[in-house]
Amino acid sequence: MATINSNFLKLKAGYLFPEIARRVKAYSEANPEKAGKIIRCGIGDVTEPLPAAVVKAMHEGVDEQANRETFHGYGPEQGYEFLRQAIVDNQYQSMSISADEVFISDGSKCDTGNILDIFGNGNTIAITDPVYPVYVDTNVMEGNTGDADEKGAYGGLLYLPCTAENGFVAAPPTEKADLIYLCFPNNPTGATANKEQLKAWVDYAKANDAIILYDAAYEAFIQDPEIPHSIFEIEGAHDCAIEFRSFSKNGGFTGIRCGYVVIPKTVTGSDANGNRVPLHQLWNRRTSTKFNGASYPVQKGAAAIFSEEGKAQVNALIEHYMGNAKLLREAATELGLAVYGGENAPYVWIACPEGVSSWDMFDKMLEEAQVVVTPGSGFGSAGEGYFRVSAFNSRQNVQEVCKRLSALVG
Ligand code: MLT
């Protein structure tokens, strides 16, 4: 008899985005005349084509595979040197990160889930609420939680509520945590943390011998020059933080798949006897065992993001999506709704009208306006009463969403 990992049975519902897709499909089937009108602002999936420099580099990468002389078989599991070095030179200047501390992957969703492989059981896990559901669900699968309560909160997790009152940035708790998930610019609220706020977290992590898992997948959308892009801009972080980054949202790689993890060699955890072990060593071992590297043409394409043309093309994409975010913010503000995010992040976080729940708002937007949003409560119980609108769309669609929003709530 093959037994199962019964932790999976603790998971409350399907993963959030497939669940939304299921509801949208059911609505489309029941209302075929409306199906063609649906505009999707739910999952943060890019809509604009890849930067031309990326396309060219990927074509070249494929052409190399067509010739015996330039063919590449298995690559380094950790990623090609050309990409690891380009990341360090372009993203981590003056941050004392070396190329061999960067691990190329097929994206941050996998990385933020897989990282739990190198940690033991019994850690206290601090998770902001609302939060990207992958952090919670993967901890449930690992057996790091108890059961969920009626609000979907899992026993054993240390939830840190992010509310309008704290600007959606949680301060370090008084309790001791061992692993802390932080995401800035934040998914789903679009909030950002300043240097002082991040320094407080690094100081907390060092004082408590904790590790910060810092998801910076949306750093490219930061407009304010005062806001840090990396946890490694903060003194002390090289002793206590791991950073996740992605090419999905800046380079339009959601369907191409490429991201990376940065683990300084100075970050350590404790074995059962209290000996310090570098996490870099464990992640390297895990990567070489379970991964054969991201595809060569994909890594070529990712490196092209750092070429002069690539940078200009990515900037244009960011400008496009942030222009969308501005329109969405303005439309929702005009309706008198409380609006957050969307200034340094591609997500606009909006309070539902008084007395309307997140899922009711989701249904209302779908049924009455044919606009798909993400219900805030899908990101955790502190997200109840909010909905998230993704700015990843064409300008035309966003203008149409703004119109429909005013007709609906106005
Ligand atoms: C989101 O909509 O929250 C993101 O697209 C999810 C992801 O990047 O996996």
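Arg22 and Glu19 join their side chains in a salt bridge, at 2.9 Å from N to O. The term salt bridge covers a side-chain nitrogen of Lys or Arg within 4 Å of a carboxyl oxygen of Asp or Glu. This is a predicted model, where local features need pLDDT of at least 70 and side-chain atom pairs count only at pLDDT 80 or more, while totals for chains, interfaces and linings use all residues. Residues are numbered from 1 along each chain as its sequence is written, and side-chain values use heavy atoms, with hydrogens and water left out.

Stay with helix α1. Arg22 and Glu19 sit about one helical turn from each other, because they are 3 residues apart in α1 (residues 16-30). Helices (H or I, at least four residues) and strands (E, at least two) are DSSP runs, numbered from the N terminus. Glu19 also forms a salt bridge with Arg23, at 3.1 Å from N to O. That pair is 4 residues apart in α1, so about one helical turn separates Glu19 from Arg23.

How accessible are the partners? Buried means under 20% relative accessible area, exposed means over 50%, and partly exposed lies in between (1.4 Å probe, protein chains only). Glu19 is buried, at 16%. Arg22 is partly exposed at 48%, and Arg23 is partly exposed at 28%.

Now turn to another pair. Arg276 forms a salt bridge with Asp209, and their closest N and O atoms are 2.7 Å apart. Arg276 lies in strand β10 (residues 276-278), and Asp209 lies in the loop between α7 (195-208) and β6 (211-215), so the pair ties together parts 67 residues apart in sequence. Arg276 is partly exposed, at 40% relative accessible area. Asp209 is partly exposed too, at 44%. Across the whole structure, the search finds 20 salt bridges.

The backbone deserves a look as well. Asp129 and Pro130 are joined by a cis peptide bond, with omega about 5°. Pro130 is in the loop between β3 (125-129) and α6 (133-142). The bond from Phe184 to Pro185 is also cis, with omega near -15°. Pro185 belongs to the loop between β5 (179-183) and α7.

Positive phi comes next. Phe168 is not a glycine, yet its phi is positive, near 60°. Phe168 lies in the loop between β4 (157-161) and β5, and is buried at 3% relative accessibility. Gln370 is not a glycine either, and has a positive phi of about 55°. Gln370 lies in the loop between α11 (358-369) and β13 (371-372). Gln370 is buried, at 2%.
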